[in-house]
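Subject: Handover of a structure and summary of findings

Dear colleague,

Please find the structure for your review below.

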Amino acid sequence: MAERIKEHPILGIPEKGTLVKFTFDGKEMEGFEGEPIAAALKAAGVMVHRYTKKEHKPRGIFCAIGRCTDCVMIVNGVPNVRTCITPLKEGIVVQTQYGVSAEPFKQ
Amino acid sequence: MKRYDLIIVGAGPSGLCAAIEAAKRGLNTVVFDENEKPGGQLFKQIHKFFGSKEHRAKVRGFVIGRQLLDEADRAGVKVVLNATVIGLYQDKEIVVKIGDGIEHYKGDAIIIATGAAENMVTFPGWTLPGVIGAGAAQTMMNLHGVLPGKKVLMLGSGNVGLVVSFQLMQCGCEVTALVDAAPRVGGYGVHAAKIARTGVPFYLSHTIVRAEGEECVTGVVIAEIDSHFQFIPGTEKHFDVDTICLAVGLSPMSQLLKMAGCKMEDNPKRGGQVPVCDEYGRTSLPGVFVAGDVSGIEEASSAMIEGKMAGIAAAEYLGYIEEEELKKELVSLEDALNGLRQGMFAPENRGKRIETTEEGIAVSENLLEHGFITEEEIERFPGITHKAGIHPVMECTQNIPCNPCQDACPKGCISIGDKITSLPVVVDGSQCINCGMCVASCSGQAIFLVEEDCGDGTALVTLPYEFLPLPEDGTKGKGLGRNGEPVCDAQVVSVKNNLAYDKTPLLTIKVPKEYAMKARFFKAL
């Protein structure tokens with residue numbers, strides 16, 4: 001997890017709690033329980049959360065506080081979940097969202 | 001339908017302060033907040049705040065957040081989290097989305113303290129993953145311990161852009177450039193200076209032409225703009241970055257007030273659509289109050305005072321206190337608030353060009369155009385004095401409401417006086433004991449301790465250094481000038497990190513004596 005802050009000059013060593021496993025598009029990944037799903041994905045280097053329905057453009061984290069809805073994904077089969085404010089839990093299934101579906105566009 | 005004396009929407013600095021004051025006076029109070037945790041944006045603020053003691057100056061934002069939560073607990077404030085208020089109706093009724101349900105409440109008084117949302121700007125590629133708000137960067141790095149990117153371009157030189165740029169460097173990111181379409185830096189000069197001296201270039205009168213990349217940001221092109229905000233051909237500059245951070249202002253989140261039928265106005269000096277309200281936050285609807293950024297963009301320090309005022313005003317409105325007590329309590333709060341609204345960056349001065357300080361000294365134009373003060377300019381400010389032995393050099397050149405330095409010095413070497421915005425001066429005849437408290441207490445990191453001539457051709461410069469890794473005694477490197485360029489060889493001769501410095505370690509570097517007034521940062525080889 002190269003993208004995590006190991007030690008911060010003001011905040012010290014981040015207290016992150018329990019490491020849990022989840023899947024992203026079928027791949028097993030790790031993150032800390034309770035942190036936003038988006039934080040775990042970002043730490044693992046995942047940038048694209050979804051592709052827009054009409055123009056198939058990639059979207060990722062933008063506001064990180066649940067306002068903009070750019071970071072929505074399919075979580076445990078439910079589409080449009082704001083991953084920046086949804087806590088990570090052991091065993092959840094996270095999928096890239098294409099339009100509002102987990103099925104990649106055909107073209 | 002449940003009923004409360006007072007319902008507060010938003011558990012940020014103003015909402016919590018309002019709740020504490022109201023609960024202390026006996027009001028049955030509830031606070032709803034859409035977030036998982038209370039405190040609003042305070043827990044993302046890791047820098048020391050400006051102001052005076054009564055504004056909790058030199059305390060870091062997240063520490064203020066903890067203090068407020070403790071106070072709220074002691075006062076018995078009830079905070080309901082993950083609770084989004086989605087409607088404010090006639091007769092002070094609200095509906096709240098909690099989980100998958102909608103709940104209905106009525107308050108005899110309501111305080112809206114919903115804060116503000118970040119603005120954005122559009123350019124080709126602005127929707128690419130890797131283009132983020134400055135607040136998103138703070139959320140990722142300061143709350144969740146995740147790097148927002150490795151190489152970042154910051155758009156916006158207001159205080160948010162400046163403070164977040166510094167924080168990005170603190171967590172280990174490289175800030176490639178700081179860009180603003182305005183011709184001058186918008187935020188405090190001291191915030192700009194502490195970034196510029198690390199070597200970050202400032203591009204004023206520039207903005208983003210396009211973000212590059214297919215799946216995510218791989219680069220950015222900026223260009224200079226003319227006075228009509230048109231790109232000047234041939235001025236394009238390309239940077240390899242993986243992140244573009246937008247810090248282009250905030251807008252009040254006043255939708256609930258508009259929905260409820262409050263009289264609104266469009267006021268650019270307050271940040272956009274805001275409710276018409278009096279100085280205590282009373283809106284056109286009796287019993288509906290506002291506090292904090294929702295009624296005009298300022299900062300957390302003023303939001304906390306506004307929150308207290310609204311909480312006390314609500315107590316008076318409901319008859320928990322007499323009008324006399326209201327007036328008495330509000331006088332001191334008004335003074336505190338007015339203190340914060342003084343100086344060059346006062347709300348009334350927004351958009352104005354200020355050419356001289358209150359003391360009649362010409363401001364540093366280079367600070368405004370490039371983020372640092374030139375050697376020619378620096379000598380004219382009163383914080384810069386020369387004498388034998390160790391003494392403070394205060395590169396504080398703009399009138400901002402801040403005075404912790406004068407209280408920090410146990411020997412009374414530094415004076416600001418009664419007017420909080422005055423530039424600090426070194427008191428005649430005072431004796432510096434090299435304790436470093438002034439350096440660590442300066443929220444703008446603008447104070448240095450300098451011994452200009454050690455007698456052996458060298459000089460000592462003590463500077464604040466809030467970065468990792470912290471160099472050790474004996475580390476060799478370069479002294480950097482105010483513009484971040486290496487100016488001389490330098491060696492660390494002391495590293496102090498006392499508890500009293502509150503996580504602002506002090507580095508003392510030895511430099512050739514001609515560089516005593518030039519070297520302002522250290523870079524290890």
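Chain A, read along its sequence, follows the pattern β-β-α-β-β-β-β-β-β. This amounts to one helix and eight strands. Its radius of gyration is 14 Å, close to the 13 Å that the globule rule gives for 107 residues, so chain A is as compact as a globular protein of that length. Please note that the model is a predicted one.

Taken along the principal axes, the C-alpha atoms of chain A fill a box of roughly 45 × 25 × 20 Å. Of the 107 residues in this chain, 49% are buried. Among the contacts in chain A between residues at least 6 apart in sequence, 43% join residues at least 24 apart.

A:I74 is found in strand β5 (residues 72-75) of chain A, and its relative accessible area of 4% makes it buried. Leaving aside neighbours within four places in sequence, A:I74 is in contact with A:P79, A:V93, A:V94, A:Q95, A:T96, A:Q97, A:V100, A:S101 and A:A102. A:I74 and A:K21, which are 53 residues apart in sequence, lie 17 Å apart in space, C-alpha to C-alpha.

Chain B

The secondary structure of chain B comes to twelve helices and 28 strands. A compact globule of 525 residues would have a radius of gyration near 24 Å, and the 24 Å of chain B agrees with this. The C-alpha trace of chain B spans about 80 × 60 × 40 Å along its principal axes. Buried residues account for 57% of the 525 residues in chain B. Of the contacts in chain B with a separation of 6 or more, 61% come from residues 24 or more positions apart.

Helix α1 of chain B

Helix α1 (residues 13-24) of chain B has twelve residues. From its first C-alpha to its last, α1(B) reaches 17 Å, close to the 16 Å expected at 1.5 Å a residue. Eleven of the twelve residues of α1(B) are buried, so the helix is largely enclosed by the rest of the structure. Among these buried residues are B:L16, B:C17, B:I20 and B:A23. What covers the buried residues of α1(B) includes β1 (2-9), β2 (29-32), α2 (61-75), β3 (78-80), β6 (101-112) and α7 (300-317) of chain B. Just after α1(B), B:G26 takes a positive phi of about 95°.

Two sheets of chain B

An open sheet of five strands in chain B has the order β8-β15-β9-β10-β11, with parallel pairing. Strands β8 (131-133) and β11 (202-204) of chain B stand at the edges, each with a single partner strand, so one side of each is left without a neighbour in the sheet. From one strand to the next, the twist averages 25°. Strand β10 (residues 174-180) of chain B pairs with β11(B) in the parallel sense over three bridges, and the bridge partner of B:D180 in β11(B) is B:L204. Helix α4 (residues 159-170) of chain B packs on this sheet, touching β9 (151-155), β10 and β11 of chain B. The direction of α4(B) makes about 170° with that of β10(B).

An open sheet of seven strands in chain B has the order β20-β23-β24-β27-β26-β25-β28, with antiparallel pairing. At its edges stand β20 (390-394) and β28 (521-524) of chain B, each with a single partner strand, so one side of each lacks a neighbour in the sheet. Neighbouring strands of this sheet are turned by 35° against each other on average, direction ignored. Within the sheet, strand β23 (residues 447-451) of chain B is joined to strand β24 (residues 458-464) of chain B by three bridges, and the two run antiparallel. B:L449 stands opposite B:T462 in β24(B).

Cysteines

B:C454 is partly exposed, with a relative accessible area of 30%.

Yours sincerely

Note on methods
Residues numbered from 1 in each chain as written. Chains lettered and ligands numbered in written order. Predicted model: local features only at pLDDT ≥ 70, side-chain atom pairs only at ≥ 80, totals over all residues. Heavy atoms only, no water. Buried < 20%, exposed > 50% of the residue type's maximum accessible area, 1.4 Å probe, protein only. Helix = DSSP H or I, 4+ residues; strand = E, 2+ residues; numbered from the N terminus. Expected span 1.5 Å × (residues − 1). Contact = heavy atoms within 4.5 Å. Pairing = 2+ DSSP bridges. Axes fitted to C-alpha atoms, helices over the stretch in contact; angles between N-to-C directions. Rg over C-alpha atoms; globule rule 2.2 N^0.38 Å.
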